Amino acid sequence: METAFASASAINDQRQKIEQYKLILSTVIASNDVTQAKKFIDHILSDDVPLVVSRQLLQTFAQELGRLEPESQKEIGHYILNQIQPRVVSFEEQVLIIREKLADLYEAEQQWSKAAQILSGIDLDSAMRSVSKPFLVIDDAFRLSKCVKIASLYLEDDDAINAEAFINKASFLVSNSQNEVLNWTYKVCYARILDLKRKFLEAALRYYDISQIQKRQIGDEVINEEALEQALSAAVTCTILAAAGPQRSRVLATLYKVKIFTC
C-alpha cells in the first residue's frame, strides 16, 4: 500500500493522480479489508494529497461504501466521520452521503434511534450545493424531509422527546411545503408525539384530522381505508383518555356522529 500511495502521490497531473488513487481504492473495496481501507482514508486525508483530490476520492469511497459487508461499512463509515471531524466543513457532501448510508443500515437492522442519531449529525443549517450528480441542494424541502425522517425513526422507539425536537424544527418548514407525502407524514408524527406525551385531547384532534382526509393517494403512497380507520380509532381512544371537560364532550360528540355515519 505504501508503495502504491507513493507512486500515486508523485503524479503531477491531477486527473491521472485521481485515476491512480481510484485504482487503489477499487482494490481496497474488492478486498473488504477494514485495515487497508483505514490506511487509504488516512493517506488521502493527509497533507500528501491536495484537498480537491481528497474530496473526489472520499466522494467515490462514500458512494462505493455499499459494496462492503454491513459490519465493514459501519466500522469504516464511523472511522471516516471521526477522521474528518476537524475539517468537516471541507467535506460536507461526503459526510452527508456516509451518514445516509449508515442510517439506512441501522434502519434495516431496526436500530431506529441509532439511525436517527446518525442522520441528526447532518448539518441542516448548511447552504451546501453539490457539484456532483445527482445534484443536491440543502434547501427547506431537504431540511423538512430529514427532520420528518429523523422524527419518524425516533417514534419507532417511542422516543417522543427527541422526535418532538425535530418535528418542532419541521413546523417552521411545513407551511411552505408542496410535498404532500411529507406533509402527511408530518401530521402523523405530530399526532403520535402528542399521544405519547399524554396530551390526549390535542392528539385526538390531530388523529381525527388525519382520518378525514379525502384523497386516497398522496404522491406514490396509497392511503387505504384501514389506515384512516386506525387514525379514527386512535382519536376515539385519546378522547376517552383525555381529562373531562366541555371540549372533550364536544370531540366525543363529533366522533360519535362520525362513527355512526361510517357504520
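**Entry 1: helix H8**

I listed the buried residues of H8 and found Phe142, Arg143, Leu144, Lys146, Cys147, Val148, Ile150, Ala151, Ser152, Leu153, Tyr154 and Leu155. I note that the model is predicted. The list covers 12 of the 17 residues of H8, so I describe this helix as largely enclosed by the rest of the structure.

I then looked up what surrounds the buried residues of H8. They pack against helix H6 (92-108), helix H7 (112-120), helix H9 (160-171) and helix H10 (180-196).

I checked the length of H8, which runs over residues 140-156. At 1.5 Å a residue, its 17 residues should span 24 Å; the end C-alpha atoms are 24 Å apart, so the two values agree. After H8 comes aspartate 158, for which I read a positive phi, near 55 degrees.

**Entry 2: helices H2 and H3**

I turned to the packing of H2 and H3. Two packed helices are described by the angle between their axes and the distance between the axes. For H2 (residues 14-31) and H3 (residues 34-44), I found that the axes come within 9 Å and cross at roughly 155 degrees. Angles over 145 degrees count as roughly antiparallel, and I therefore recorded H2 and H3 as roughly antiparallel to each other. Their crossing is left-handed.

Which residues of H2 and H3 meet? On the H2 side I listed Tyr21, Ile24, Leu25 and Val28, and on the H3 side Gln36, Ala37, Phe40 and His43.

Technical notes
Residues are numbered from 1 along each chain as its sequence is written. This is a predicted model: local features need pLDDT of at least 70, side-chain atom pairs count only at pLDDT 80 or more; totals for chains, interfaces and linings use all residues. Side-chain values use heavy atoms; hydrogens and water are left out. Axes are lines fitted to C-alpha atoms, for helices over the stretch in contact, and angles run from 0 to 180 degrees between N-to-C directions. Helices (H or I, at least four residues) and strands (E, at least two) are DSSP runs, numbered from the N terminus. Angles under 35 degrees count as roughly parallel, over 145 as roughly antiparallel, 65 to 115 as roughly perpendicular and the rest as oblique. A crossing is left-handed if the near helix is turned anticlockwise from the far one by less than a right angle, and right-handed if clockwise. Contact means heavy atoms within 4.5 Å. The expected span of a helix is 1.5 Å times one less than its number of residues. Buried means under 20% relative accessible area, exposed over 50%, partly exposed in between (1.4 Å probe, protein chains only).
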